[in-house]
Amino acid sequence: MGDRLELINISKSFGKVKALQDINFQLGQNEVVGLLGDNGAGKSTMIKIMTGYYRPTAGQVLFGGKQIDNLTVPKARLMGVETVYQERALAELLTLWRNIFLGRELKNRWGFLDVKKMKAETHRLMTQSMGFTSEAVTPNSKVGKFSGGERQGVAIVRALYFDADIIVLDEPTMGLSLNETEKLLNFVREIKLAGKSAVFIDHNIYHVYSVSDRIVVVDRGKIAGEFLTKDISLETLMEKMIHVAETGTLDLPLS
Amino acid sequence: MTSKTNEISVDATQAYKDSFNFVNFVRSYGTQLGILGVFFGMWIFFIIMAPNTFLSSNIYYSFMSTIPFFAMMAMPLTVLVIAGEMDLSFPSIMAMGTVTFLLTYNEVSNVWLAFAAALVTGLFIGWLNGIIVVKFGIPSLVATIGTQFFWRGAVLVLSEGHSGTLVYTKETFLRPLLVGKIGDVFPMQMLWLILIAIGSWVLLNRHRFGAHMYLIGDNANSAELMGVNTGRVRIQGFMLVGLIAAFAGIVASLHVTFFWPSQGEGYLLKTLASIFLGGTSVFGGVGTILGSFVGAFMIGAIEAATVAIGWTGFLTQLIYGLIIVLSVIMHTYLGKRLG
C-alpha cells in the first residue's frame, strides 16, 4: 500500500482568486504531517479539499493509491478521514449526544434515529474518553455551556468514534488554555502510536514542530518546501518561516 | 484512548439510562414547561371568569373543530422555522390546493383524484419555494412574500375571482374522512391535527431529517462541514409545509363545503403567533412541536374567551398581543437562564 492520502496537481480557484496552485502532497502510513503557513496561505483550503468539503478546480485526490472522483464529505469519511475543526464547528444549542453524531446519526434504513443507543454511546464516551465526571453533564447537556477544552474534547472524541485512519486537525488549539493545549498535543501523539495518520494545522510553530514527523510549508497557494522534523531545529524552522513570509521562498540567503 | 473508542461495549450501552434529575429535567424542558404553565394559567383564568362556558364541553368541541385548520400548518412550519427558514406563502398554498381540487373535479368528477392533485400542488409550490431559497440564495422571508402574492394571484386568475361550492363532496367518503365527527362529537380534523403533530414530532426528534433541521438552524456552516446536504434538507422542509397547507386548505373548505378565493388569509398571523408563542426561535435551532400545538390552542381560545367573559370583542387583539409579547419574553429569558 502506498500513501494513505495524496493530492496530485491540485488547484482551487474561487472566482478569480487562485487559492491553491499545483499542490502535490502526500500523507504516509502512520505519519503526522504539520502544515505551516501564513494566514491565507491556503492551508485551510488544502484540508477542505482532503475532507471533501471543497471540490478542486483541477487535480486528483487519492486514498491508498486509488483515485476518488467527486469527493464529498460523506465519501471522504468512508475513506477514513475525520476532521477536528475549531470549536466553532459544534452546534451550541444542541445536546452533547446530537453533537457527537452530527451529520451521521445512528439510524435504521428508513432514517429513523436510534436515540437510545446514541445517548448510551455518548455516555460511555463521556466517561471513558472525555473525562466528564460532573453530575451536571449528561448526554442531554447543551454544548453551548462547555468550556473551550471540553468542546475540543467533544470534537476529538467525535472524530475517533468512527475509527478514522486519517485525522485532520484544523487549528485545534485555538481558544484552548495551556493545559488543554498540552492534552491536545498528547492526543495527536496518541494518534501516531495507534498507527493512524494525521494532518495538523496550527499557527503555533512550536506546536506543529513538537508533534509532526514532517512539516510542509504552504505559501501563497503553493507548497514552498518541506522538512523532516528530525532534520531541522526549531530555531532554523522559525527563521525559515519568517523568511518565507517575507520573500515567498524558503532558501535563506546565508545559511 | 485511541484504540478503544470504536469498540462498542454492549454492557455500557445497555447500562445507560436517562436517570431522572429534577434540575436537568427543568433544564431540558424549560421552554415546554414555561408554555404549559402559561397555558394552564390562562385556562384557569378563563374558567374563573366564565365558568359556564369553560366548564361545559361544548366550547372544547368547538375549539377542536376550528383550531386544527391553522394548527395543522403550524406543525411543519415549526420544523422549517427551527432550520432558520420561514414560509409566508402557506395561506396562498391553502387556496391553491383548493382551486386545484375544484378544477380537477370539474375535469374528472372524482374527489379522490382532485384531493391527490391538490396535495401534489402543495408539494410542488413548496418545492418551488425551496428552490428559490436554496438555489438562488434568496432569504426565505423575502422569497415567500413574493410567492405568497404570486400564488394568491394565481388563485384569483384560475377561479376568475369567483367562490365555489363543494356541496358535491357531501356524497363522498372524503368529507367524513376529513371533517366528519366520531361518535357525533369528536371532529375528524382534530384527529388529523393530532396525527400531523405526532408525525412532525417523530420527523423532528426521531428522524435524520429533524436532526439535520435542528443542526442547520443552529450552525449551518457546521452542518455543511459535517456533510449534511443543507440545500436538499431545507427544500424538503418547504415541501412539507406546502403539502400540509394544501391539506389544511381542503379540510377547511370541506368543513364549510365552500371555497373563497381569499381562503387562508386570516390564518397567516395566527399560525405564526402559535409558533412563536410556543417558544420556537426565529433565529433557528430551538423549538418544539408541543409548544406550537399548545400555542395554537391558546391563540384559538382567546377570541372565544373574551366574548364568553363578557368583554368587548375589541379586546381580543389586544390580549393576543399581550400574551404573545409576554410569552416570547419569557422564552428568551428561560433560554438564557437554562441554556
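Visitor: How many residues of domain 1 of chain A are in contact with residues of domain 2 of chain A?

Guide: In this predicted model, eight residues of domain 1 of chain A are in contact with five residues of domain 2 of chain A. The largest share of the domain 1 side, three residues, comes from H6(A), and by class that side has five nonpolar, two polar and one charged residues.

Visitor: Where do the bounds of domain 1 and domain 2 of chain A fall in the assignment?

Guide: Domain 1 of chain A is given as 1–80 + 165–255, and domain 2 of chain A as 91–163. Taken over C-alpha atoms, the centres of domain 1 and domain 2 of chain A are separated by 27 Å.

Visitor: Which strands does E1(A) pair with, and in what sense?

Guide: Strand E1 of chain A, residues 5–14, pairs in the antiparallel sense with strand E4 of chain A, residues 58–63, over five bridges, and Ser11(A) stands opposite Ala58(A) in E4(A). E1(A) also pairs in the antiparallel sense with strand E2 of chain A, residues 17–27, over seven bridges, and here Lys12(A) stands opposite Leu20(A). E1(A) and E2(A) form a hairpin with two residues between them, and in the turn Gly15(A) has a positive phi of about 65°.

Visitor: How should I read the contact between chain A and chain B, and how many residues does each chain give?

Guide: The size of an interface is often given as the accessible area lost when the parts come together. Here the description is by residue instead: the contact takes 41 residues from chain A and 31 residues from chain B. On the side of chain A that touches chain B, helices H2 (73–78), H4 (115–130), H5 (148–161) and H6 (178–193) of chain A each supply at least two residues, and H4(A) gives the most, with nine residues. The residues of this side of chain A divide into 20 nonpolar, eight polar and 13 charged.

Visitor: What does the secondary structure of chain B come to, and why is chain B said to be as compact as a globular protein of its length?

Guide: The secondary structure of chain B comes to 16 helices and four strands. Its radius of gyration is 22 Å, close to the 20 Å that the globule rule gives for 339 residues, so chain B is as compact as a globular protein of that length. Along its principal axes, the C-alpha trace of chain B spans about 70 × 50 × 40 Å.

Visitor: What percentage of chain B is buried?

Guide: Buried residues make up 47% of the 339 residues in chain B. Among the contacts in chain B with a separation of 6 or more, 75% are accounted for by residues 24 or more positions apart.

Conventions: Residues numbered from 1 in each chain as written. Chains lettered and ligands numbered in written order. Predicted model: local features only at pLDDT ≥ 70, side-chain atom pairs only at ≥ 80, totals over all residues. Contact = placed C-beta atoms within 7 Å. Nonpolar A, V, L, I, M, F, W, Y, C, P; charged D, E, K, R; others polar. Rg over C-alpha atoms; globule rule 2.2 N^0.38 Å. Buried ≥ 20, exposed ≤ 12 C-beta atoms within 10 Å, placed from the backbone. Pairing = 2+ DSSP bridges. Domains from an automatic or database assignment.
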